Amino acid sequence: MTFLDTRLDSKITHGARSCVRWSRLKAYTGSGKLQQTFNWANAKHEMDVSHGLRSRADYQTVLDLFYVIMAGGYVGFRVKDWRDFQATALNSTLTLIVGSTWQLQRKHSAGGVNYLRAISKPVAGTAVVSRTRAGAVTTASATIDATTGIATITGHVAGDTYTWAGEFDLPMTFQSDEWAGELDVATDNLHVMSQSIMLEEIRL
């Protein structure tokens with residue numbers, strides 16, 4: 001299936017409600033001890049964009065996207081999550097795929113442990129890769145594919161490490177196959193209201 005490489009208007013997602021979801025099974029023993037089984041290796045991001053609709057034009061923007069995605073059979077589209085959209089030298093890394101290709105990643109760290117999240121939708125023209133070699137940091141010669149988050153780096157030497165800086169989007173799609181909305185008339189003005197419009201992150 002084809003990914004629609006366009007971003008939902010970021011002023012709509014600026015007011016959206018977003019969350020990070022994991023899956024685990026919890027059970028309590030007879031003594032009250034908690035036992036946990038973690039089901040997912042990676043988190044899934046979700047967003048309710050109904051909170052970001054401030055005008056009828058905003059409503060129409062999302063409704064139009066819904067029609068295009070569903071009618072065109074697109075697997076998803078770009079969404080900016082204002083809570084987490086910037087990579088820096090401190091919160092990023094790159095992991096070798098094969099040869100000279102590396103995957104852009106967002107690094108989450110706590111207690112000396114790192115969780116690496118692959119970034120597949122960097123914003124074109126914003127991402128810059130830095131190389132650390134023998135303690136010196138320089139800008140690496142890299143070509144970045146904005147549709148996959150894969151960087152092709154030249155001049156790599158064993159021992160080199162990499163970070164990157166730039167913006168990124170989430171690949172998401174509509175969680176439901178239905179669109180629910182209603183009209184409200186007050187003081188001669190027509191108001192379009194929408195129930196939750198849930199988006200969910202997809203794996204590419």
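A definition to begin: Ala, Val, Leu, Ile, Met, Phe, Trp, Tyr, Cys and Pro count as nonpolar, Asp, Glu, Lys and Arg as charged, and the others, Gly among them, as polar. This is a predicted model, where local features need pLDDT of at least 70, side-chain atom pairs need 80 or more, and totals for chains, interfaces and linings use all residues. Numbering starts from 1 along each chain as its sequence is written, and side-chain values use heavy atoms, without hydrogens or water.

Now the pocket. A pocket is an open set of points on a 1 Å grid over the protein atoms alone, where a 1.4 Å probe fits, with protein on both sides within 12 Å along at least five of seven lines; lining residues have an atom within 4 Å of a point. The largest pocket has a volume of about 300 Å³, the space filled by probe spheres set on the points. Its lining has 20 residues, and Ala118, Ile119, Ser120, Glu201 and Arg203 are the closest to the centre. By class, ten are nonpolar, five polar and five charged.

Which strand gives the largest share of that lining? Strand 10, with four residues. Strands here are DSSP runs of E, at least two residues, numbered from the N terminus.

Next, Arg117. Arg117 sits in strand 10, residues 113-118. Is Arg117 buried or exposed? Buried, because its relative accessibility is 8%, and buried means under 20% with a 1.4 Å probe, protein chains only.

Who are its partners? Contact means heavy atoms within 4.5 Å. Beyond four places in sequence, Arg117 contacts several residues, including His45, Phe168 and Leu170.

How values were computed:
Buried < 20%, exposed > 50% of the residue type's maximum accessible area, 1.4 Å probe, protein only.
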